[in-house]
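Subject: Structure handover

Hi,

Here is the structure I promised to pass on. Please have a look at it first, and then read my notes below.

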Amino acid sequence: MDNPLGTVPVRRLIIQFSIPAIANTLVNAVYNITDQIFIGHTVGMLGNAATNIAFPITTLLSACALMIGMGSSTNFGLSLGAKKKDDALRYVGNGISLMIILGLIFAALALIFLKPLLILFGATEQILPLASTYLGITAFGMPFLLFATAFSSIIRADGSPTFAMITLSAGAILNIPLNALFMLVLGWGIAGSALATVIAQIVSFILTIVYLRKFKAGRPTKDDLVPRLPYIKGIVTLGAAGFLNHFIMMLVQITMNNTLAHYGALSQYGSELPLAVVGVISKVNFIVLAFVIGIAQGAQPIISFNYGAKNYARVREAYLKAAMGIVGASVLFFLCFQLFPRQIVGIFGNGSETYLIFATQYMRIFMVMMFISGIQPLTSNFFVATGKAKQGIFLALTRQGLFLLPLLLILPLLFGIEGVIFAGPIADSLAVIVSILFMTREMKAMKRLNAKNPMEV
């Protein structure tokens, strides 16, 4: 029986896999946005700033989850496409072991180095107590969050995108009433929001464990769970692009927080106001990233399987149709952010007129290139999905590391806090140009390969 990844129309497959993938990626955004809204309306601007300060550790956790999930699922798909089922299950088993080990390490390090980490992330004296409370509680949910997020990629690759969506969505939905109960009814403040998040993450974890009993490709054995260097190396290699992209994102967040605190203190805004604004807008931006990354991840199993099967025409088709979907969704978000920035910021709580003016300016300028910026993560993901880790890693680093991080250090020296705002669109533009150049060359190469290995599309 033919695998549907190689026979079902590409557009239908992308929709089938992308919708659950978007929902999965959107879950992390919903967790953070829910917390941000409740905290903004009950604790206030300092509460929003506190969650922003604690956010880099969550980004690093997501980096590891993406590395394991992408690395395991890509190797799983490539192995199945090459008819190597034993290797496929061993990649899954080794991925599970990495999830457990790294999740426990994260929780321990966050609790042991709690205050030093928050100070490193840019916490001021006013923000530090709230950020310590929030991170001190959410650290206990890190092992569950990492496992559920990473394993959802494997569930999708196993041909169950809907169940992958359910596992994470259930926790995100539960997080909303729990926040309302703990913060609005019981009055537990920012601690209540953190506790709601941890409980929701445990629920998602339990659902992912349930799926192991009905794994379509065959249940991984205890022997598959034993860490083996070749398989771990394979997971890390193909998952490195996603990890490095999020790792650099964490460095950007830390740099931005410290830059805003420093240059904000020299401006009319002060240190805390810019930190609160960036905390809100970064969470809003995660909604956009959910669609971009979700479509890219939805196309990944299609690209991996067909590349392994040497059906290059189908690989090209999957990339182009995914790119059309990403640009289409991004344009809609672009219009919303340009036309209604003040209203969007207002969802996360009230603030002074100065706060709203800065937030409106920041959202409109920093995100002005978002209508096309999704091409960069899609292209990076494409090279990872085809087993070309070096190209994928380089492209993953372009926007955050090669362009944005240096701009955040240089532009504020020339333009003060305004330099931070303009760093975003400049970095987006440069990253898209580089991605298009890489992909144009790869498309030509696949056309030549397809001529040598013609396949039915």
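What percentage of the 457 residues of the protein chain count as buried? The figure is 61%, where buried means under 20% relative accessible area, exposed means over 50%, and partly exposed lies in between (1.4 Å probe, protein chains only).

Before the details, a word on the ground rules. This is a predicted model, so local features need pLDDT of at least 70 and side-chain atom pairs count only at pLDDT 80 or more, while totals for chains, interfaces and linings use all residues. Residues are numbered from 1 along each chain as its sequence is written, and side-chain values use heavy atoms, with hydrogens and water left out.

**Overall picture**

The protein chain has 18 helices and 0 strands; these are DSSP runs (H or I, at least four residues, for helices; E, at least two, for strands), numbered from the N terminus. Its radius of gyration is 21 Å, which agrees with the value near 23 Å that a compact globule of 457 residues would have. That radius is taken over C-alpha atoms, and the globule rule is 2.2 Å times the number of residues to the power 0.38. Along the principal axes, the C-alpha atoms fill a box of roughly 65 × 45 × 35 Å.

Among contacts (heavy atoms within 4.5 Å) with a separation of 6 or more, 82% are between residues 24 or more positions apart. The chain exposes about 18,000 Å², with carbon and sulfur atoms supplying 70% of it; accessible areas come from the Shrake-Rupley method with a 1.4 Å probe, and for residues only the protein chains shown count as cover.

**Salt bridges**

The structure holds 7 salt bridges, each defined as a side-chain nitrogen of Lys or Arg within 4 Å of a carboxyl oxygen of Asp or Glu. Side chains of opposite charge can pair when their charged atoms come close.

One set is a network that links Arg90, Asp223, Asp224 and Arg228. Within it, Arg90 and Asp223 meet at 2.6 Å, N to O. Arg90 lies in helix H3 (residues 85–112) and Asp223 in helix H9 (residues 222–225), so this pair ties together parts that are 133 residues apart in sequence. Arg90 also pairs with Asp224, with the closest N and O atoms 3.4 Å apart. Asp224 lies in H9 too, so here the parts tied together are 134 residues apart in sequence.

Elsewhere, Lys388 forms a salt bridge with Glu442, the closest N and O atoms being 2.5 Å apart. Lys388 lies in the loop between helix H16 (375–385) and helix H17 (389–415), and Glu442 in helix H18 (residues 418–452), so the pair joins parts 54 residues apart in sequence. Lys388 is partly exposed at 21%, and Glu442 is buried at 8%.

Why is H16 described as largely enclosed by the rest of the structure? Because 10 of its 11 residues are buried, including Ile375, Leu378, Phe382 and Phe383. H16 is followed by Gly387, whose phi is positive, near 80°.

Back in helix H3, you will find Ala107, which is buried at 11% relative accessibility. Not counting residues up to four places away in sequence, Ala107 touches Ala139, Met142 and Pro143. The C-alpha atoms of Ala107 and Gly136, 29 residues apart along the chain, are separated by 9.4 Å.

Best wishes
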